[in-house]
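Please look over the sequence and the structure shown here before reading on. The report is written for a reader who meets them without any background.

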Amino acid sequence: MFKRIGSDETEIVTIHVDGVAVEARLGDSVAAALLASGLPIERETPVSGAPRAPYCMMGVCFDCLVTIDGVGSRQGCLVPVADGMRIAIQKGRRVLT
Amino acid sequence: MGLAREFDVAVVGGGLLGSSIAWGLGRLGQRVVVLDEGDIAKRASRANFALVWVQTKGLGLPAYTAWTLRASETWAGLAQALEEETGLDVCFRRPGGFHLALSDREMVLRRDTLARLHNQPGAADYRTELLDHEGVRRMMPEIGPEVAGGSYCPYDGHVNSLRVFRALHTAFSRHGVDYRPDHPVTAISGENGAFRLVTKRGEIVAGKVVLAAGNANATLAPMLGLHAPMEPNRGQIVVTERAAPFLQYPMTTLRQSDEGTVMIGDSKEDEIDDRAHHMPIDAVMASRAVRMFPMLGALNVVRAWSGIRVMTHDGFPIYDQSASHPGAFVVCCHSGVTLAPNHAFDLAPMIVRGALDEAVVGAFSARRFAAQDGGKAA
């Protein structure tokens, strides 16, 4: 659905989305990289289980919440990707162990 | 010439307290108007810990223990009535509640408090037991090693207080309660057996008036020969992201809401500016919470806020009818959530009858302050 601008020659990094290796560009936000990945990245909300995806891309709507390197409910649109980053799509409420 | 009475009762204040009373009055067929402040009112109804709490209430006034116990016993009925009228589940749960101690010293303090409560003449038995670490752990296996023990009271519970607030307001329309936001009352006078209430949006005339305006009762009450000495304070609350249910029991400083957030609270500051917020206070509260339940350390904090407590001088409720202006009532209480069923089911009928029931609420007259303040009390 989203296509990168063809002339973008920014350095490529690899992130892992639910275990799947995905290419991203240095400088991407996590939310942008997820949208560009083409993977099913909808999270499910903690209360009603409704599907959500990144929306405002500027830190306001909190719809892009995602687990990054083990820390849950981070705003994907505000965190730049880093090589080797591990992303988990949140389905419902966090289960504490 | 008498004034044309538009309403049987004007309730000043549309928070949980005023709304509980107004809803109770509306159910009894009264024509009720609620005069409320606007959205930016310092509203304890939107800044509270949502406990329905019994243990340790009433030290110094045993009647308060009985009054609170009565609320705990009737809360399920209120929740059911609200659901029938509005379809909203306010999520009242009464699994019992804990107060946890993080050291032997805190355990001793708790034991002393419970003993003093128990030894009061006429104290209602609210079956609070003191448990050691093992006793607490049998009921809550998730506690950390630093928990020395705690007290457990089977009458304690909690509720979704924001939804209670919404449900009461939703139910207003069913009983013709006329809710008027942005109508702060600036003056009240009694004339020819009716009351004239001045707001910035005009005047209202009602046969009776109930002051339920929280800390603002302190300035409104003297207009009607009543006395409401208030001493507000501030509390801070920390809220985590939502997690799958893991805390079955509410605690004095910690609870998991029906929608999964964990609320950490119970600070108390003399400062009464709710726009200020002090991180060191949050840090202490969060640290204690993690010592109680180490698994909380994995949760993110998503917000923290301050709220102003409605508080009388001695912390106990005030219920009075004016001697100089019969038909004018003042109602002050800190526990607008816990006592909501009493206000709807017990107090409202007394207001309709025009007489407070001495046997039920007589202990809560502001006359008790007369000795301390040189007889200013009504």
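## Confidence in the model

This is a predicted model, and its overall scores are an ipTM of 0.74 and a pTM of 0.90. Chain B has an average pLDDT of 94, with 97% of its residues scoring at least 70.

## An open sheet in chain B

In chain B, 4 strands form an open sheet in the order E13-E14-E12-E15, and their pairing is antiparallel. Its edges are strand E13, residues 254-256, and strand E15, residues 301-309, each of which pairs on one side only. From one strand to the next the twist averages 20 degrees.

Within this sheet, strand E12 of chain B, residues 233-240, runs antiparallel to E15(B) and is joined to it by 8 bridges. As one example of this pairing, B:Val239 has B:Arg303 of E15(B) as its bridge partner.

## The helix across the sheet

Helix H7 of chain B, residues 279-292, lies across E12, E13, E14 and E15 of that chain and runs at about 55 degrees to E12(B). The helix consists of 14 residues and spans 20 Å from its first C-alpha to its last, which is close to the 20 Å expected at 1.5 Å a residue.

Four residues named here are buried in H7(B), namely B:Asp282, B:Met285, B:Ala289 and B:Met292. They are on the same side of H7(B) because they cover an arc of only 85 degrees around the axis. The buried residues of this helix pack against strand E4 (97-101) of chain B as well as against E12, E13, E14 and E15 of that chain. On the other side of H7(B), by contrast, B:Met279, B:Pro280 and B:Ala283 are exposed.

## A covered strand with two partners

Strand E6 of chain B, residues 149-153, is mostly covered, with 5 of its 5 residues buried. B:Gly149, B:Ser151 and B:Cys153 point one way from E6(B), while B:Gly150 and B:Tyr152 point the other way, and all are buried. In a regular strand, side chains alternate between the two faces of the sheet.

E6(B) pairs in the antiparallel sense with E4(B) over 5 bridges, and B:Leu100 has B:Gly150 as its bridge partner in E6(B). Strand E5 of chain B, residues 129-132, also pairs with E6(B) in the antiparallel sense, over 4 bridges, and here the partner of B:Leu130 in E6(B) is B:Ser151.

B:Thr68 has its place in helix H2 of chain B, residues 62-86. This threonine counts as buried because 25 other C-beta atoms lie within 10 Å.

Leaving aside residues up to four places away in sequence, B:Thr68 touches B:Val54, B:Lys57, B:Gly58 and B:Thr338. B:Thr68 and B:Thr338 are 270 residues apart in sequence, yet their C-alpha atoms are 7.2 Å apart in space.

Most residues other than glycine have a negative phi. With 13 C-beta neighbours inside 10 Å, A:Asp69 counts as partly exposed.

B:Thr56, also not a glycine, has a positive phi of about 70 degrees and lies in the loop between strand E3 (51-52) and H2 of chain B. B:Thr56 has 19 C-beta neighbours inside 10 Å and therefore counts as partly exposed.

How values were computed: Residues are numbered from 1 along each chain as its sequence is written. Chains are lettered from A and ligands numbered from 1 in the order in which they are written. This is a predicted model: local features need pLDDT of at least 70, side-chain atom pairs count only at pLDDT 80 or more; totals for chains, interfaces and linings use all residues. pLDDT is the predictor's confidence in each residue, from 0 to 100. Two strands pair if DSSP finds at least two bridges between them. Helices (H or I, at least four residues) and strands (E, at least two) are DSSP runs, numbered from the N terminus. Axes are lines fitted to C-alpha atoms, for helices over the stretch in contact, and angles run from 0 to 180 degrees between N-to-C directions. Two residues are in contact if their C-beta atoms, placed from the backbone, lie within 7 Å. The expected span of a helix is 1.5 Å times one less than its number of residues. A residue is buried if 20 or more other C-beta atoms lie within 10 Å of its own, exposed if 12 or fewer, and partly exposed in between; C-beta atoms are placed from the backbone. The arc is that of the directions from the helix axis to the C-beta atoms.
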